[in-house]
Amino acid sequence: MILRKAAVVVALVLLTGGIVRAQAIRLEREGNTARLLVDQRPFLVLGGELGNSSASSMEYMRPYWEHLRQMHLNTVIAPVYWELLEPEDNRFDFALVDSLIGEARRHDLKLVLLWFGTWKNSMSCYTPAWMKTNPRRFPRTADSSGRSQEIFSAFGKETLEADKKAFAMLMRHIREVDGSNKTVIMIQVENEIGMLSTAREISSWADALYKGKIPEALAAHLKKNGTWEEVFGKGIKTEEIFQAWYYARYANEVAAAGKKEYPLPMYVNAALPRPGALPGRYPSAGPLPHLMDIWQAAAPAIDVLSPDFYNPDTRYWCDLYVRNQNPLFIPEMRFDRSVAAKVFLVVGHYKGFGFSPFSIESPSHASLPLSRSYDVLRQLTPLITDRKWLAMDGFLFDHARRSDTIRMGGYTIVVAHYNVLPWAAERMDSVWGSTGGMIIQTGADEFYVAGTGFVATFSSADPGKVSNIVSVDEVTITDGREVKGRRMNGDQDHQGRHIRFATDEWGIQKVRLYNSPRAIE
Ligand code: DGJ
């Protein structure tokens, strides 16, 4: 009897031990923002996503790990490929996942893993061969002419069960090999889900469901009931909503099956549409801003909906994603020079908890300056994530937007592209490339100003006062310990008028201000 009790206690400890460990990685939400906590400590993801095929060969990856560290990344976003994880039905091979985790750990990097499961950019190209070749068991969708396409149906019950099982096995394995080290900190469920080339699946079973009542869970969420067209109106947008519901339910079940094994934070990502494009011309029904309610109602196991940026307007889309308690995490962004500026807007203005350009290891990106921004952000991380500041904001400039006005405490701060300065405009390289930065207010009259290619001018918000600079110090911060560099005065602060970073400069400057009466007494 005593022995049996002891066994129960041991089992409980093992069970809850797993759960306690797992909850050690979680999102702590505050309005439309969140902090990712790893062992209760906030973690800002300064990441990069590998090219799609890179993590399929550790030999291929070998030269890149060190380089990624030197770029000041703290996290690599890497795919796990279903076709390689379960090459035969119910035979799992974790060798690649284990090497990936081992390499990341050796290089002191965290991992966000992408589950390339049923869908990858709408398609089902990462499903194992035993699934692809069995369309009876794993039904496919058809285009508008009825031609079968390599996109598995969201209504395939066996497909869903197979995906849930594989994903759950993956999560169980990660818990077993990484539950205490916590190298893997977050999971993306599927990749850029979205229907092509129609707004929704066209099949007898999908048509029947579309003509039927909307699901009870959705009716309860909307507090409305009726058919899809009665509730949402007739048309292609309603077809997209219908498909979004079923994609989200599917992703939710996959995520929930995985979380049962190991409840890491999980997100889904979306391909953003071109302006004016109709659903089906872009991947219809993905986790897009206009479908946020549907996705959130259908997929409570998904923690975050994330945008993938390939050219679209950063501010416009970020504004749409930080709503409904959805924090900003950017898993993909076209990797060009501008990301080194955009990251300051994402972290400073939107309080995003992670940023990650795509194809991070590609040698063609080696000369881009992202590492300089990550170096600055790495230094500022404790200041940013501990949230002991009074205010924080970020900005992004280019030829179209050259300045912003920010109000912080008793100050109005005009921040502008470096090229607005008269002497900069004469520079040979005065093209209006993206520049950006952030300001953190840590005291009534104390600010950290950081970034590249901008000028910041502080004035008192009180019309009865004028503000001037007490001191500007260049600082570097190591593990929260601050070391002063140059005292930035004279030409460097335009004889006390402003704080600035040229377009080829990156850094942190600590600013102290004082105020005097506007009228001379
Ligand atoms: C978005 C996808 O999510 C990525 O996996 C990749 O295919 C990029 N597009 C483009 O290369």
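Predicted model: local features only at pLDDT ≥ 70, side-chain atom pairs only at ≥ 80, totals over all residues.

Colleague: Fine. How far is the side chain of Asn191 from an oxygen atom of the ligand?

Modeller: An N or O atom in the Asn191 side chain sits 2.8 Å from a ligand oxygen.

Colleague: And Glu332 and Glu192? What are the distances there?

Modeller: For Glu332, a side-chain N or O atom is 2.6 Å from an oxygen of the ligand. For Glu192, a polar side-chain atom is 3.5 Å from a ligand oxygen.

Colleague: How much of the ligand's accessible area does the protein cover?

Modeller: The protein covers 76% of it. On its own, the ligand has 290 Å² of accessible area.

Colleague: Which residues are around the ligand?

Modeller: Asn52, Lys120, Asn121, Asn191, Glu192, Asn269, Asp308, Tyr310, Glu332 and Phe358. By class, that shell has four charged, four polar and two nonpolar residues.

Colleague: Switching topic. How many aromatic pairs does the structure hold?

Modeller: There are 28 aromatic pairs. One of them is Trp228 with Phe242, an edge-to-face pair. Their centres are 5.1 Å apart, with 85 degrees between the planes.

Colleague: Where do those two sit in the chain?

Modeller: Trp228 is in helix 10, residues 228-232, and Phe242 is in helix 11. They are 14 residues apart, and the pair links distant parts of the chain.

Colleague: Are Trp228 and Phe242 buried or exposed?

Modeller: Both Trp228 and Phe242 are buried.

Colleague: What about Phe329 and Phe353, stacked or edge-to-face?

Modeller: Stacked, at 5.1 Å centre to centre and 20 degrees between the planes. Phe329 is in strand 12, and Phe353 is in the loop between helix 14 and strand 14. That puts them 24 residues apart. Phe329 and Phe353 are buried too.

Colleague: Back to Trp228. Which residues do ring pairs link into a cluster with it?

Modeller: Phe155, Tyr210, Phe232, Phe242 and Tyr246 are linked with Trp228.

Colleague: Last one, helix 11. How many residues has it, and what span does it reach?

Modeller: Helix 11 has 26 residues, 236-261. From first C-alpha to last it reaches 38 Å, close to the 38 Å expected at 1.5 Å a residue.

Colleague: And how many residues of helix 11 are buried?

Modeller: The helix is mostly covered, with 19 of its 26 residues buried.

Note on methods. Residues numbered from 1 in each chain as written. Heavy atoms only, no water. Helix = DSSP H or I, 4+ residues; strand = E, 2+ residues; numbered from the N terminus. Expected span 1.5 Å × (residues − 1). Buried < 20%, exposed > 50% of the residue type's maximum accessible area, 1.4 Å probe, protein only. Near = heavy atom within 4 Å. Polar contact = N/O pair within 3.5 Å; in protein donor to acceptor, adjacent residues only side chain to side chain. Areas by Shrake-Rupley, 256 points an atom, 1.4 Å probe, with all protein chains shown as cover. Nonpolar A, V, L, I, M, F, W, Y, C, P; charged D, E, K, R; others polar. Phe/Tyr/Trp six-rings, centres within 6.5 Å; stacked < 30°, edge-to-face > 60°.
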